[in-house]
Amino acid sequence: MTNHEINTKLRAAVESSVPDVWEGISAGLQQDAAQASPVVAGNKAGVSAARTKRPPRWLGYVLTAAAAVALTLGTVWGVVQYTNTVDSVVMLDVNPSVKLTATSRERVISAVALNTDGEKVLADMDLAGTDLEVAVNALMGSMLRQGYIDNLANSVLLTVQNPDAAKSRALQEKLSEDIDGQLAAASVASSILSQSLPGDAAQQALAEAHGISAGKVALIQKVLEKNPHLTFESLVGLSVNELNLLLKGTDDVEGLASTGRPSEDVYIGAVAAEKAALRHAGVAAADAILQRTEMDFDDGVMVYDVEFTANGMEYEYEIDALDGRVVSHEVVTSTLTPQPQVSSSGSAQPPAIQPQPQLEQQPAAPQAPVDDHDDDWDDDRDNVDDDNDDDNDDDD
């Protein structure tokens, strides 16, 4: 029920509960005047008596009733104002974005779609007055039914705002667990990002300017901290799952809690990207030392950054994450110290090829379809991962 509807009903209730006493008061005054007129004509004592005459008893009843109604009206209005005061703001972002406001008793005051997909999710749902957890459950159910969340795009961003930091965190944890449980019941291996935010005017201004939630603004800012070569404007249109992938692991992101891992199932995967880069470079898997493979975003395209060394050269590739196409590549003389190769007997051997001074830039050329079944590269990558794990263990 809106504030306008509440005001209308209160006004009607007051008007019906207060008696129309004006006619009675008017008649009483006329009667008093008629009784006083002869006294005024010839009896000064009568005038004095008329002036000191007490008001009729019913007038006291009327005034008492009116005061009681006014007191009741004030009390009711105070309760209405208290129960409709926004205490918490909850934002849900997938690609649909929806903002909920709730009272201190966690009753929904309003549900607002922040984009077109959010409007589809809300549809004809009237969530005002419902329990906050029930409302979040209903929204997540709608996103599941409409295919916004599945195992190809499994990330959800939950943002809570409340002046009480402890209450905000508690609500964040409770709703995050609810969402995770609901998606698990739908057989979705979810990745839930959750955060508690203060009311930041700058973030709210950015949200309104770009038509997104303040929670998504905060998430984009965290992505930019890890990817300073990107811009805010270039990331606004990305889904939460894409932004989650660009975080390159969220365990160390301050102020952002996470569960699960973002899905890469819609993309070719890191191993296939590495194969595509090796094939284009004409380098055998056995000769390559993998340095880095991670998701990135370039000119509106999700890509894998693949870096490896081979034969004294450093190779840097950008591989289209959807189809394995080489977006860009660069080959430079290696400045890395060649790592000794370990023979099958376990003894360290010097590197067979030393770095050579050379600089080569190559334009991207058409590639054959990516072969995801290169067993030699899979085995070699497993060995690289094992070597990296051993190095980490040695460091520990």
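Figure 1. Helices here are DSSP runs of H or I with at least four residues, strands are E runs of at least two, and both are numbered from the N terminus. The model is a predicted one, in which local features need pLDDT of at least 70 and side-chain atom pairs count only at pLDDT 80 or more, while totals for chains, interfaces and linings use all residues. Residues are numbered from 1 along each chain as its sequence is written, and side-chain values use heavy atoms, with hydrogens and water left out. Helix α12 covers residues 270-281, and its end C-alpha atoms lie 17 Å apart, which agrees with the 16 Å that its twelve residues should span at 1.5 Å a residue. The expected span is 1.5 Å times one less than the number of residues. Buried residues of α12 are A272, A273, E274, K275, A276, A277, L278 and H280; buried means under 20% relative accessible area, exposed over 50%, and partly exposed in between (1.4 Å probe, protein chains only).

**Figure 2. An aromatic cluster around F308.** Welcome to the three rings of F308, Y315 and Y317, which form one aromatic cluster. Rings of Phe, Tyr and Trp (its six-membered ring) pair if their centres lie within 6.5 Å; planes under 30 degrees apart count as stacked, over 60 as edge-to-face and the rest as tilted. The whole structure holds two aromatic pairs. In one, F308 stacks with Y315 at 4.8 Å centre to centre, with 10° between the planes. F308 and Y317 are also stacked, because their planes meet at 10° with the ring centres 6.2 Å apart. F308 counts as buried, with 2% relative accessibility, and Y317 is buried too, at 3%.

**Figure 3. F308 in the largest nonpolar core.** A nonpolar core is a set of buried Ala, Val, Leu, Ile, Met, Phe, Trp, Tyr and Cys residues joined through side-chain atoms within 4.5 Å. The largest has 47 residues, of which L235, L246, V306 and F308 touch the most other members. Helix α9 (residues 214-226) gives the most to this core, with six residues. Beyond four places in sequence, the contacts of F308 (heavy atoms within 4.5 Å) include A277, L278 and A281, along with I289, L290 and M313.

**Figure 4. M125 in a loop between two helices.** The loop that holds M125 runs between α5 (116-122) and α6 (132-145). Is M125 buried, exposed or partly exposed? With 29% relative accessibility, M125 counts as partly exposed. Leaving aside neighbours within four places in sequence, M125 touches A138, L139 and S142. M125 and S142 are 17 residues apart in sequence, and their C-alpha atoms are 9.9 Å apart.

**Figure 5. Where to read the model with care.** The protein chain has a mean pLDDT of 78, and 63% of its residues reach 70 or more; pLDDT is the predictor's confidence in each residue, from 0 to 100. Over residues 75-82 the pLDDT is below 50, and this stretch has five contacts in the model beyond near neighbours in sequence. Residues 340-366 also stay under 50, and the model gives them 35 contacts beyond four places in sequence.
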